[in-house]
Amino acid sequence: MKSSLLWKRVWRHKLFYLFMLPGIAWFFIFSYVPLYGLQVAFRDFTFVGGFTGSPWAGLKYFEQFFDYYQSGAIIRNTIVISLLKLLVGFPMPIILALLLNEIRNLKFKKTIQTLSYLPYFVSWIVVVTLMQRLLSMYGGPVNDLLTSMGMQPVQFMYNTTWFYQLILGSDIWKNIGWNSIIYMAAIAGIDQQLYEAAKIDGAGRFRQIWHVTLPGIRNIAVILFILATGSLMSAGFEQLLLLNGPATANIGSVLDVHVITSGIQQGRLSYAAAVGLFQSGIALVLIVTVNWIARKVSDVSLF
Amino acid sequence: MAKFRMKTVGSLLSAMMLTSLLYGCGGGGGGDSADGDAVTLTILNNWNGSSGPDTDTTPVTKAIEEKTGIKIKIDYTKGSEVEKVNQIFATQDLPDIYTGPAWGGELDGIIKAAKEGQLVDLTDKIDKYPNLAKAIAKENVPPALYEKAIGGIDGKKYMLYQNHPATGDDVNDWLYGFYVRKDIAEKVGVDPQSVKTKEDLYQFLKKIKDANLTENGMPVLPLGGFHDGWAVGIGSTMFYGTSYVDKGDGSLENVFFTKAYEDYTLYYRKLIAEGLLDPEAFTQTDPIANEKIKQGRIAVLAAHYPAILDASKDYVKSHPGSDYVPVGPLERAGAEPNRPVDLSIQGNNVTVITKKAKNVDAALKLLDFLASDEGFMLVRYGVEGVHWEKVDGKPAAKKEWFDKFYEDTTGKVKKNEGIGIGLENMTGMDRINSVGGGDIWADQERLKAMDNARKILRPNGISVISAFNPGDVITKAPGWEALKPSMDQVGDVWKQAIFAKSDDAALKVINDLRDQIKKTGYDDAMRFVNEELKGKEVVKLAMPN
């Protein structure tokens, strides 16, 4: 009886469910179907045996990873870069959304919003090429400006001194606008009467932000924070592949790139799958832990 | 009604999105296809940066189709060749014919594919194709390569081998070395031929740096290279003879474990630290490298001479007198001054037919035609009577086409005729001089420059290496699978070391990898190598080629 009621409701809103279908199909095809391939982390992958027919190898490839002399450094680099991105990068879209919300000139607001979204659609290869051109020591406009002011040219790219700044700066520039959309939507959903009540109570702009806007987006921020902790073991494959070089390898070699180089470049698919599985395992533990903490200290949690 | 229309449009849109999404997951796949009477074969030309014509059909491919009834479709690799080999077999996105480098990780990938049933066994078929059989005959393949791959994997022949010189006349010396812009050498007052030792080279680069030369307001870099650092590291020959050296007790060890390797690393570290070597050289792509050369911003280039001549063509055209000329000859570690230059002259290419090929006979027919004298000249020179003709029995370029190709600095016009589109990698043994008429498309100035460089860099001629290379033997050691991932890192670790903040930090980076290599079975593997090579002649000196 209950289930037939559910199907009736589904049928009534069938168009909405149809719109969901591509998203569900995407997750099913790209996130769930490939899960069967995880078994290759426990097998000696051969071209002829493939994912399901290669001989079992137990934990051989996990042991190989932990025996690898740079595995500690790679894990450390991944966590450091991800933590920096989380600590510095996470509040940025919130700040942008708050600032945008305070702009009263609608045209100006829309222009800024559009401009801030645009970098999200630019691929990393283009972003890094732009950075190379702008920051080059040899004819890059940034260094030209520095030298015209009597300063020494600086080697920004592939330099340990500037590595984290470039990683964080480019990541924020690329994602801040896009990530702020969800906060803008949350802010739009706040009851306007709350602002009016705050005004009557004598609250200025900052007080309104502090007492009305921020609590209004708190739940969504907590949810996004929990989700972001799941990416702690993943520092960003494309960005790090392109921005890391031999000069910065000691702080820039990360798990995502290690998985690709060992899997695709060296053809060690089982090893790469084992490292990838380890990465995902830790991510799952992190999400569950942070979710548990969030549930304990506030009433917001994912599950 | 409007609601109904909206619903219909919505449903249609969703269905289209889903269909396109699912369609995107389907394999494109190559393979034989019947197109009328002609068979179409897909070929992967696995050479980084190679490219083809604007359309699949060219005068040369048309001529091949007329001769063999086979249409061809070539794909090209943009990026790492090793990555490509692993990728096509892991994803099973296979061409009918694969052709690529006959060395390193690329060859290892092909051997793995052969062992795992991914390639067509040609053992029983090869004798029917004389042009192919000749190119893989034991006497036409270097011994270590024959034992390792070409002669058979587990007793079966899978690989065809190409571009091994058929005669002494066909030996191709790529003239690897350091080349300096003539005008810059004059500006700093140094005769490039007076630069002999590593200290001379360092001082020479320093003089260029101290001259603070600029080009269009941008500083000129003393030393540079091409993509991913190719081939700035060739100064290694000033420090050690080859990759495996005598420990002093008659046994061999990898040069990575020697003091000479440390000296070599610290020398390059000094070049980086003092701004003498372009720090972007190891991360740049070829287009960026070419741009720097075209802008006149690199004083000394390290690579093979044809690449340097190609890259500098435009700049030299607009700045007469700025040609790149050889530096040295530089000292060679462990070699007497009057010793001919030891070069590993061998074929550079292997071709295999993958299990995807449904029409193996057609593939062999095509490859046999390409390896014939007729096929050899067709893909290198173009269509006889159209692009070239025989003069006194030797091929000579038609002036009309020579001028067209010469004027086009991009090389696209030549490719659109079907010349230099990768088919030349499948033409059996190299017979460019013994059967052909040399490089008929090279202009006189280029030939003169090559001759001049040869005279300077090879004053005692060359000596072709025929001895065993321990690097080939170690890959057959029982523990090689565990050792290989560590050994594969030597190149990357060297780059990390030369960018280290101090000499000590550089040595630490090297020592850390040394420990890892030892931990993963190096000593056992070297015992195997020393045992295998007992009594055999081993390569002691080799220059890049």
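Modeller: An axis here is a line fitted to C-alpha atoms, for a helix over the stretch in contact, and an angle between two axes compares their N-to-C directions on a scale from 0 to 180 degrees. The model is a predicted one, and I begin with chain A, where helix H5, residues 71-89, packs with helix H6, residues 91-102, at an angle of about 20° and with the axes 5 Å apart. Angles under 35 degrees count as roughly parallel, and H5(A) and H6(A) are therefore roughly parallel to each other. On the H5(A) side the contact involves Leu86(A), Leu87(A), Val88(A) and Gly89(A), which meet Pro91(A), Met92(A) and Pro93(A) of H6(A).

In chain B, four strands form an open sheet in the order S9-S12-S6-S13, with mixed pairing. Strand S9 (221-224) and strand S13 (324-326) of chain B stand at the edges with a single partner strand each, so one side of each has no neighbour in the sheet. Direction ignored, neighbouring strands of this sheet are turned by 25° against each other on average. Finally, helix H11 of chain B, residues 305-318, lies across S6, S12 (298-304) and S13 of chain B, and runs at about 145° to S12(B).

Terms used. Residues numbered from 1 in each chain as written. Chains lettered and ligands numbered in written order. Predicted model: local features only at pLDDT ≥ 70, side-chain atom pairs only at ≥ 80, totals over all residues. Heavy atoms only, no water. Helix = DSSP H or I, 4+ residues; strand = E, 2+ residues; numbered from the N terminus. Parallel < 35°, antiparallel > 145°, perpendicular 65-115°, else oblique. Contact = heavy atoms within 4.5 Å. Pairing = 2+ DSSP bridges.
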